Amino acid sequence: MTDRTARKVRVGVVVSDARDKTITVEVADTTRHPRYGKTVPRRKKFHVHDETNDARTGDTVRIVETRPISKSKRWRVAEIVERAR
């Protein structure tokens, strides 16, 4: 059985805050290509629950995995790391 506190954590940039209590966060990462060894940039968008509607487009946020909130939301905002200028 897994520990309840061992949740996935990601840091990304808010790319959309148009919906109520939902933001879209883009998480960028780099991985090594399995055959050629070249570093390849990867990015993925997550739909994230923002209970207080506090995050804005351009903010850097820390998100954590949580129970399913809707069909596409499985993450919630843990904290706003840096505000957009």
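Two strands pair if DSSP finds at least two bridges between them. That rule sets up this tour of a predicted model, in which local features need pLDDT of at least 70 and side-chain atom pairs count only at pLDDT 80 or more, while totals for chains, interfaces and linings use all residues. Residues are numbered from 1 along each chain as its sequence is written, and side-chain values use heavy atoms, with hydrogens and water left out. Welcome to a chain with 5 strands and 0 helices; helices (H or I, at least four residues) and strands (E, at least two) are DSSP runs, numbered from the N terminus.

**The chain as a whole**

- Reading along the sequence gives the pattern β-β-β-β-β.
- Along the principal axes, the C-alpha atoms fill a box of roughly 45 × 40 × 25 Å.
- Of the 85 residues in the chain, 25% are buried; buried means under 20% relative accessible area, exposed over 50%, and partly exposed in between (1.4 Å probe, protein chains only).
- Among contacts with a separation of 6 or more, 49% are between residues 24 or more positions apart, where contact means heavy atoms within 4.5 Å.
- The accessible surface comes to about 6500 Å², and carbon and sulfur atoms hold 48% of that surface. Accessible areas come from the Shrake-Rupley method with a 1.4 Å probe, and for residues only the protein chains shown count as cover.
- There are 22 positive and 12 negative side chains, with the centres of the two sets 8 Å apart. Lys and Arg count as positive and Asp and Glu as negative, while His and the chain ends are not counted; each charge is placed at NZ of Lys, CZ of Arg, CG of Asp or CD of Glu.

**How the strands pair**

- Strand β1 (residues 9–19) runs antiparallel to strand β4 (residues 60–65), and 5 bridges join them. Gly 12 has Val 61 in β4 as its bridge partner.
- β1 is also antiparallel to strand β2 (residues 22–32), through 4 bridges. One of the facing pairs puts Ser 16 opposite Thr 24 in β2, and Arg 19 has Thr 22 in β2 as its bridge partner.
- The hairpin of β1 and β2 has 2 residues between the strands, and Lys 21 there takes a positive phi near 60 degrees.
- β2 and β3 run antiparallel as well, joined by 11 bridges. In this pairing, His 47 in β3 is the bridge partner of Thr 24.
- The hairpin of β2 and β3 has 6 residues between the strands, and Gly 37 in its turn has a positive phi of about 80 degrees.

**The nonpolar core**

- The largest nonpolar core has 11 residues: Val 14, Ile 23, Val 25, Val 27, Phe 46, Val 48, Ala 55, Val 61, Ile 63, Trp 75 and Val 77. Two or more residues of this core come from each of β2, β3 (39–49), β4 and β5 (73–82), and β2 gives the largest share, 3 residues.
- Such a core is a set of buried Ala, Val, Leu, Ile, Met, Phe, Trp, Tyr and Cys residues joined through side-chain atoms within 4.5 Å.
- Not counting residues up to four places away in sequence, Phe 46 touches Ile 23, Thr 24, Val 25, Val 27, Ile 63 and Trp 75.

- Ser 16 sits in strand β1 and counts as partly exposed because its relative accessible area is 25%. Apart from neighbours within four places in sequence, Ser 16 is in contact with Ile 23, Thr 24 and Thr 57. From Ser 16 to His 47 the sequence separation is 31 residues, and the C-alpha to C-alpha distance is 9.5 Å.
- Arg 32 belongs to strand β2 and is exposed, since its relative accessible area is 59%. Leaving out residues up to four places away in sequence, Arg 32 touches Gly 37, Lys 38 and Thr 39.
- Ala 84 is found in the segment after β5 and is partly exposed because its relative accessibility is 35%. Beyond residues up to four places away in sequence, Ala 84 touches Thr 57, Gly 58 and Asp 59. Ala 84 and Gly 58 are 26 residues apart in sequence, with 4.9 Å between their C-alpha atoms.
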